[in-house]
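Subject: Structure handover and notes

Dear colleague,

I am passing on the structure we spoke about, together with my notes on it.

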Amino acid sequence: MSERHERLGVVKQLIKNNRIDNQDTLLEMLKAEGHNVTQATLSRDLKILKVSKVSDGWTGYYYSMPDDDFHSESEKSYIQDVRRGIISIEFSGTIGVIKTRPGHASSVCFALDVLALPEILGTIAGDDTIFIILREGNTKEDLLESFKTRIPEIKE
């Protein structure tokens, strides 16, 4: 299991089992669990996990995991489009080429855009090919880790 994948699991558990009201507190708790990360990395992790802040009605806000820990119904549909369509993924630097089944590139591309994986800057679809551009500072390994978290059946 990769360090990022393991850390995401720890973040989930910390948020589920504790009332955490800010990133500094969460960073300290992660550090105590052996995960020393930056605030920027934690922010990306929270976005990947779809963590939100909710009001307790009295004293303020705290972090909360989505009600459905896995995916909302609409998100499940998009994930299914990605699973069904992708044949392969290859990279050259920050540019990726995703091969899909004929006619599936548009729906897979749209699904990736809706899922808003933080590593992806943009996508362009043809009939059976998608070009993806990674955000600066992200690697193919970062994207594949997001896939493992959000769309576990996708492999390089």
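What follows describes the overall layout, then a pair of helices, and then some individual residues.

Please keep in mind throughout that this is a predicted model. The secondary structure comes to 6 helices and 6 strands, and from the N terminus on the elements run α-α-α-β-β-α-β-β-α-β-β-α. Of the 156 residues of the protein, 38% count as buried. Among the contacts with a separation of 6 or more, 53% are accounted for by residues 24 or more positions apart.

The helix pair α2 and α3

I looked in some detail at helix α2, which spans residues 23–32, and helix α3, which spans residues 39–48. Their axes come within 11 Å and cross at roughly 100°; angles of 65 to 115 degrees count as roughly perpendicular, and α2 and α3 are therefore roughly perpendicular to each other. On the α2 side the contact is made by Gln 23, Leu 26, Leu 27 and Leu 30, and on the α3 side by Gln 39, Leu 42, Ser 43 and Leu 46. Sorted by class, this contact has 5 nonpolar and 3 polar residues, with no charged residues.

Which residues of α2 are buried? They are Gln 23, Leu 26, Leu 27 and Leu 30, and, seen down the axis of α2, they fall within an arc of 105°, so they line one face of the helix. As background to that pattern, an α-helix has 3.6 residues a turn, so residues three or four places apart point the same way. The face of α2 turned away from the buried side carries Asp 24, Glu 28 and Ala 32, which are exposed. The cover over the buried residues of α2 includes α1 (3–17), α3 and β2 (61–64). At the N-terminal end, α2 is capped by Asn 22, a side-chain oxygen of which lies 3.1 Å from the backbone nitrogen of Asp 24. Following α2 comes Gly 34, whose phi is positive, near 95°.

For α3, the buried residues are Thr 41, Leu 42, Asp 45, Leu 46 and Ile 48, and, seen down the axis of α3, they fall within an arc of 160°, so they too line one face of their helix. What covers them includes α1, α2, β2 and α6.

Thr 41 and Arg 4 are 37 residues apart in sequence, while their C-alpha atoms are 9.7 Å apart in space.

Where is Lys 50 found? Lys 50 lies in the loop between α3 and β1 (52–55), just after α3. Its phi is near 60°, a positive value in a residue other than glycine, and at 37% relative accessibility Lys 50 counts as partly exposed. Ala 116, in the loop between α5 (105–115) and β5 (120–125), has a phi near 50°, which is again a positive value in a residue other than glycine. With a relative accessibility of 40%, Ala 116 counts as partly exposed.

Asp 81, in helix α4 (residues 73–85), is buried, with a relative accessible area of 18%. Leaving aside its neighbours within four places in sequence, Asp 81 is in contact with Ser 107, Val 108 and Ala 111. The C-alpha atoms of Asp 81 and Leu 112 are separated by 9.2 Å, although these residues are 31 apart along the chain.

Asn 138 is found in the loop between β6 (129–134) and α6 (140–150). Is Asn 138 buried or exposed? At 13% relative accessibility, Asn 138 counts as buried, and, with neighbours within four places in sequence left aside, Asn 138 is in contact with Thr 94 and Glu 119.

Terms used:
Residues are numbered from 1 along each chain as its sequence is written. This is a predicted model: local features need pLDDT of at least 70, side-chain atom pairs count only at pLDDT 80 or more; totals for chains, interfaces and linings use all residues. Side-chain values use heavy atoms; hydrogens and water are left out. Axes are lines fitted to C-alpha atoms, for helices over the stretch in contact, and angles run from 0 to 180 degrees between N-to-C directions. Helices (H or I, at least four residues) and strands (E, at least two) are DSSP runs, numbered from the N terminus. Angles under 35 degrees count as roughly parallel, over 145 as roughly antiparallel, 65 to 115 as roughly perpendicular and the rest as oblique. Contact means heavy atoms within 4.5 Å. Ala, Val, Leu, Ile, Met, Phe, Trp, Tyr, Cys and Pro count as nonpolar, Asp, Glu, Lys and Arg as charged, and the others, Gly among them, as polar. Buried means under 20% relative accessible area, exposed over 50%, partly exposed in between (1.4 Å probe, protein chains only). The arc is that of the directions from the helix axis to the C-beta atoms. A polar contact is a pair of N or O atoms within 3.5 Å; within protein, one must be able to donate a hydrogen and the other to accept it, and residues adjacent in sequence count only if both atoms are side-chain atoms.
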